[in-house]
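Here is a short briefing on one protein. Look through the sequence and the structure before reading the points below.

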Amino acid sequence: MICRRVVVHGLVQGVFFRDSCRREAQAAGVGGWVRNRPDGTVEALFEGPEDDVERMLDWVRHGPAYARVERVDVVEEPPSGHTGFVVTR
C-alpha cells in the first residue's frame, strides 16, 4: 500500500474535477478524498496498491474533459488506512 497527496493546478474548479476524480478512484479501488482549495487548486489523497495509485496520478495529470491541468504537485505520505473515496469540503 502507498499513499500520495496531490495538488492540481490550472483550470480545475467548476469543471466536475472532484466528482470525476471520485468516480475514477472508486473504479480503481483507491481510498482517500478530494477537495477544492480556496486558491483555485484541487487537492486529493490517494491510498491503495501502487499500480492503482499510479493510475490515479496519471488521471489527475489531465483530469476530466473541461479541465486544463497546468501542474500536479505530488507528495509521498505514509498510508493511514483510507478505504472508500469521498469528496470533502
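**A buried loop residue**

Thr-41 sits in the loop between strand 2 (31-36) and strand 3. Strands here are DSSP runs of E with at least two residues, helices are runs of H or I with at least four, and both are numbered from the N terminus. This is a predicted model: local features need pLDDT of at least 70, side-chain atom pairs count only at pLDDT 80 or more, and totals for chains, interfaces and linings use all residues. Residues are numbered from 1 along each chain as its sequence is written, and side-chain values use heavy atoms, with hydrogens and water left out.

- Thr-41 counts as buried, at 5% relative accessibility.
- Buried means under 20% relative accessible area, exposed means over 50%, and partly exposed lies in between (1.4 Å probe, protein chains only).
- Thr-41 touches Val-7, Val-8, His-9, Val-12, Gln-13, Arg-35 and Asn-36, leaving aside residues up to four places away in sequence.
- A contact means heavy atoms within 4.5 Å.

**Overall fold**

- The protein has two helices and five strands.
- From the N terminus on, the order is β-α-β-β-α-β-β.
- The radius of gyration is 12 Å, close to the 12 Å that the globule rule gives for 89 residues, so the protein is as compact as a globular protein of that length.
- That radius is taken over C-alpha atoms, and the rule is 2.2 Å times the number of residues to the power 0.38.
- The C-alpha trace spans about 30 × 25 × 20 Å along its principal axes.
- Of the 89 residues, 40% count as buried.
- Among contacts with a separation of 6 or more, 78% come from residues 24 or more positions apart.

**Aromatic pairs**

- Rings of Phe, Tyr and Trp (its six-membered ring) pair if their centres lie within 6.5 Å; planes under 30 degrees apart count as stacked, over 60 as edge-to-face and the rest as tilted.
- The count by this rule is two aromatic pairs.
- One of them is stacked: Phe-46 and Phe-85 lie 5.8 Å centre to centre, with 15° between the planes.
- This pair links distant parts of the chain, as Phe-46 is in strand 3 (residues 42-48) and Phe-85 is in strand 5 (residues 85-87), 39 residues apart.
- Phe-46 is buried at 0% relative accessibility, and Phe-85 is buried with a relative accessible area of 4%.
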